[in-house]
Amino acid sequence: MAFKPSLGAVLVGVGLVAVAGVAVLPGGTVDDPDVVDVSSGDQRLNLVAYAVPKPGFEAVIRGFRSTPEGQDTGFAESYGASGDQSRKVARHLPTDIVNFSVEPDVTRLVDGGQVAEEWRDNVPDDESARSVPFGSVVAFVTREGNPHGVQSWDDLLEPGIEVISPNPASSGSAKWNLLAPYASWFFQALNSGAGIQTAHSEALDKLTRLVGEHFTVRPKSGREATSAFEGGQGDVLLSYENEAIELDRNGGRIDYTVPDDTFRIENPVAVVDTTDDPDGNIEKATQFRDYLFTPDAEKLWAAEGFRPGPDLFSDSTDVIDGLPTAQREAFRPLSTVHTIDELADAFRDLDPSLDPDQDTADWDVVDAVLFKRAKPGSGDTNGAITTIYQAV
């Protein structure tokens with residue numbers, strides 16, 4: 001069915017997510033027998049992260065443990081779908097530092113008093129100015145030889161193309177995967193002379209077709225989506241570029257490309273207030289967070305296929321350019337890269353009531369318009385993309 005939410009219906013105030021319940025962090029570290037044990041040490045940090053950056057953290061944790069500050073630090077690591085991980089921490093899973101796919105998953109912890117309101121501020125050497133040490137861009141992963149010739153977002157709408165992307169109700173990567181085509185179609189329409197209401201409607205029409213007719217599999221997390229594609233499901237996997245790089249390096253029979261219009265993926269980190277946890281260590285967690293932004297860590301992120309802060313938030317690729325040839329050439333050239341800031345500014349221009357005091361975070365503006373999940377009985381309206389998922 002074709003669903004056309006009006007812009008007035010979806011440009012609503014920012015909703016907050018309640019937190020409740022209790023959870024327990026599993027003991028030990030990652031459950032991969034091929035990973036070096038990093039759990040030993042007189043001090044211990046509990047890292048809770050979304051699923052995709054596990055290879056990067058395996059590298060930077062080893063790097064941190066080789067420094068004077070980190071040499072006596074053991075780690076317990078928990079990885080999963082970003083939204084699910086955030087909710088676990090909100091239910092008081094023992095945690096010292098978090099890394100989520102999207103900023104609203106950190107905001108949930110700020111609202112619950114577990115992360116300081118100024119968590120994005122004054123992080124040493126932070127190119128993003130929002131506590132994002134690494135990120136990526138949205139890419140297409142196809143079968144070897146790209147048999148359907150998929151190069152653009154419109155190509156995904158061709159009859160019979162099956163696309164795999166996780167569910168945005170649980171996965172942060174799903175939100176990036178949906179922001180990329182929405183922004184591409186939205187700004188293409190604006191640049192062709194359409195009004196902002198028309199551009200929004202056109203983008204949502206195409207997104208409804210994409211989700212309803214072509215998203216045949218909707219796993220919980222980005223990593224589960226990758227596993228489904230590896231298992232033979234789908235023609236195209238929407239994913240982070242770094243996930244495509246890892247698939248290719250591990251011998252997957254795939255090709256991957258970054259479309260001409262893609263989206264910048266920003267994956268924030270934050271220190272969790274552990275004052276009510278006798279084993280918590282804010283000082284050590286802060287040292288580890290700061291290490292993630294150092295030149296040494298930037299090289300490690302890049303070597304694992306992630307775009308480090310200096311390359312993600314500028315026009316340069318200095319860190320990537322310093323990699324060995326095979327690692328450097330794994331990154332695809334970029335043309336147009338849309339951002340959360342860009343979308344938020346467009347929504348603010350259209351409806352100033354979204355941010356009357358000019359102090360609402362960009363992600364909160366975008367989340368309210370596109371992904372908000374209204375509480376039952378509240379009378380609020382769901383975001384446009386959430387409504388699409390519920391309608392198809």
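Three bridges join strand E1 (residues 43-50) to strand E3 (residues 97-99), and the two run parallel. Helices (H or I, at least four residues) and strands (E, at least two) are DSSP runs, numbered from the N terminus. This is a predicted model, in which local features need pLDDT of at least 70, side-chain atom pairs count only at pLDDT 80 or more, and totals for chains, interfaces and linings use all residues. Residues are numbered from 1 along each chain as its sequence is written, and side-chain values use heavy atoms, with hydrogens and water left out.

**The chain overall**
- The chain has 16 helices and twelve strands.
- Buried residues make up 57% of its 392 residues. Buried means under 20% relative accessible area, exposed over 50%, and partly exposed in between (1.4 Å probe, protein chains only).
- Take the contacts between residues at least 6 apart in sequence: 73% of them join residues at least 24 apart. A contact means heavy atoms within 4.5 Å.

**The sheet around E1 and E3**
- Leu47 has Ile97 in E3 as its bridge partner.
- Four strands form an open sheet in the order E2-E1-E3-E10, with mixed pairing. Two strands pair if DSSP finds at least two bridges between them.
- Strand E2 (73-80) and strand E10 (269-271) stand at the edges with a single partner strand each, so one side of each lacks a neighbour in the sheet.
- From one strand to the next, the twist averages 20 degrees. Axes are lines fitted to C-alpha atoms, for helices over the stretch in contact, and angles run from 0 to 180 degrees between N-to-C directions.

**Helices on that sheet**
- H2 packs on the sheet and touches E1, E2 and E3. The direction of H2 makes about 170 degrees with that of E2.
- Helix H2 (residues 54-65) has twelve residues, which at 1.5 Å a residue should span 16 Å. The end C-alpha atoms of H2 are 16 Å apart, which agrees. The expected span is 1.5 Å times one less than the number of residues.
- Eleven of the twelve residues of H2 are buried. Among them are Phe57, Val60, Ile61 and Phe64.
- Helix H9 (residues 282-291) lies across E1, E2, E3 and E10. H9 runs at about 160 degrees to E10.

**Strand E4 and its partners**
- Nine of the ten residues of strand E4 (residues 134-143) are buried, so E4 is largely enclosed by the rest of the structure.
- E4 pairs with strand E7 (residues 236-240) in the antiparallel sense over five bridges. Val141 stands opposite Leu237 in E7.
- Four bridges join E4 to strand E8 (residues 254-257), running antiparallel. Phe140 has Thr257 as its bridge partner in E8.
- E4 and E9 are antiparallel and joined by three bridges. Ser136 stands opposite Ile265 in E9.
- Two bridges link E4 to strand E11 (residues 307-308), again antiparallel. In E11, Pro308 is the bridge partner of Phe134.

**Helix packing elsewhere**
- Helix H3 (residues 82-90) and helix H4 (residues 104-111) pack at about 10 degrees, with their axes 9 Å apart. H3 and H4 are therefore roughly parallel. Angles under 35 degrees count as roughly parallel, over 145 as roughly antiparallel, 65 to 115 as roughly perpendicular and the rest as oblique.
- In helix H14 (residues 340-350), the buried residues include Leu343, Ala344 and Phe347. The buried residues of H14 pack against helix H5 (172-191), helix H6 (196-214), strand E9 (261-266) and helix H15 (362-370).
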